[in-house]
Amino acid sequence: MKITILGTGNVGSALGKGWIVAGHSVLFGARNSASPKAQKIQDLLPDVRIQSVEDAVKGAEVLVITTPPEVVLDLIPSLGDLSGKIIIDATNSVRTRPGPYPTAFHAIKALAPSAEVVKCFNTTGFENLADPVYQGTGIDMFAAGNSLVAKQAASKLARDLGFETCYDFGGDDKVELLEKLALSWINLALMQGLGRNIAFKLVKR
Ligand SMILES: NC(=O)c1ccc[n+]([C@@H]2O[C@H](COP(=O)([O-])OP(=O)(O)OC[C@H]3O[C@@H](n4cnc5c(N)ncnc54)[C@H](OP(=O)(O)O)[C@@H]3O)[C@@H](O)[C@H]2O)c1
């Protein structure tokens, strides 16, 4: 897939590296390609191109939002026609919120109504996005939103990173619940002191 990642931080870097290894075509869009974070990615992935956000979005099939959530309020309207593009929202409205919307997903849906939007890659730490394998088995990912095409793309991209299964978490009405799952991971990892090397795995019998 032709993937453009908007944001060159912890999450963007982990996802981009994994998808390049899996054979995808990955570009980064940055507001400043000389920023320390962008430079860190360029050092990590010397062949990857980091462009202006506008240029990076042009040929993309999949856009992945890995910025603070409120950034989408200005970002999405600046990108022109996003009809049919798959947009994966990996943000969590933990420290900041894209008011008046409860999450970046809701803002993107309102600002780009013809795009195919899904919430995914938000429920675990960036270390787990970079390496989702524990004791030889992939941990699980979850995706929420009404767009089946976006959910299928996110699921394939999750498995390409090494997640064992990307579970369908439900439609648009489950997006806020999926952010609460992310908050649950943050609670266990950081507030309850279990550390960032923990992950969610669904078991069945
Ligand atoms: N950290 C985690 O473990 C984790 C896990 C899952 C989801 N998330 C969510 O993922 C998102 C990113 O987290 P992160 O830890 O990767 O953050 P981060 O390391 O701080 O990176 C954020 C990136 O967003 C970019 N950015 C900020 N404002 C921008 C704008 N107006 N236009 C374009 N780019 C902009 C920053 O660019 P500059 O370099 O120019 O500042 C930076 O590259 C957050 O919403 C977070 O809640 C985080």
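Quick definition before I start: when I say helix or strand, I mean a DSSP run, at least four residues of H or I for a helix and at least two of E for a strand, numbered from the N terminus. With that in hand, T66 is in the loop between β4 (62-65) and α4 (72-75). And a reminder that this is a predicted model.

Okay, let's stay on T66 for a moment. Is it buried or exposed? Its relative accessible area is 13%, and the cut-off for buried is under 20%, so T66 counts as buried. Leaving out residues up to four places away in sequence, T66 touches I5, L6, G7, V11, G12, L15 and A90. There's a polar detail with G7 as well: a polar atom of the T66 side chain sits 3.2 Å from the backbone oxygen of G7.

What does L6 touch, if we skip residues up to four places away in sequence? The answer is G29, V53, V57, V64, I65, T66, T67, L75 and L79. For a sense of scale, take L6 and A189: 183 residues separate them in sequence, and their C-alphas are 26 Å apart in space.

The largest share comes from α8, with four residues. In terms of class, that lining is made up of 17 nonpolar, 16 polar and four charged residues.

The second largest pocket holds about 240 Å³ of space. Its lining is T8, G9, N10, S13, A14, K17, K37, K40, I41, L44, F126 and A130. Here the elements that contribute two or more residues are α1, α2 (36-44) and α6. Sorted by class, we get five nonpolar, four polar and three charged residues.

Next, the packing. The largest nonpolar core has 33 residues, and the members that touch the most others in it are W19, I88 and F121. Helix α7, residues 148-161, gives the most to this core, namely six residues. Apart from that core there's another one, of 25 residues, and L6 is in it, along with others including I65, A112 and L178.

Let me zoom in on W19. Not counting residues up to four places away in sequence, W19 touches I3, I5, H24, V26, V64, F121, L157 and L161.

One of those W19 contacts is H24, and that's my last stop. Where is H24? In the loop between α1 and β2. H24 comes out at 11% relative accessibility, so by the cut-off of under 20% it is buried.

How values were computed. Residues are numbered from 1 along each chain as its sequence is written. This is a predicted model: local features need pLDDT of at least 70, side-chain atom pairs count only at pLDDT 80 or more; totals for chains, interfaces and linings use all residues. Side-chain values use heavy atoms; hydrogens and water are left out. Ala, Val, Leu, Ile, Met, Phe, Trp, Tyr, Cys and Pro count as nonpolar, Asp, Glu, Lys and Arg as charged, and the others, Gly among them, as polar. On a 1 Å grid over the protein atoms alone, a cavity is a set of points where a 1.4 Å probe fits but cannot get out, and a pocket is an open set with protein on both sides within 12 Å along at least five of seven lines; lining residues have an atom within 4 Å of a point. Grid points are joined across faces, edges and corners, and a volume is the space filled by probe spheres set on the points. A nonpolar core is a set of buried Ala, Val, Leu, Ile, Met, Phe, Trp, Tyr and Cys residues joined through side-chain atoms within 4.5 Å. Buried means under 20% relative accessible area, exposed over 50%, partly exposed in between (1.4 Å probe, protein chains only). Contact means heavy atoms within 4.5 Å. A polar contact is a pair of N or O atoms within 3.5 Å; within protein, one must be able to donate a hydrogen and the other to accept it, and residues adjacent in sequence count only if both atoms are side-chain atoms.
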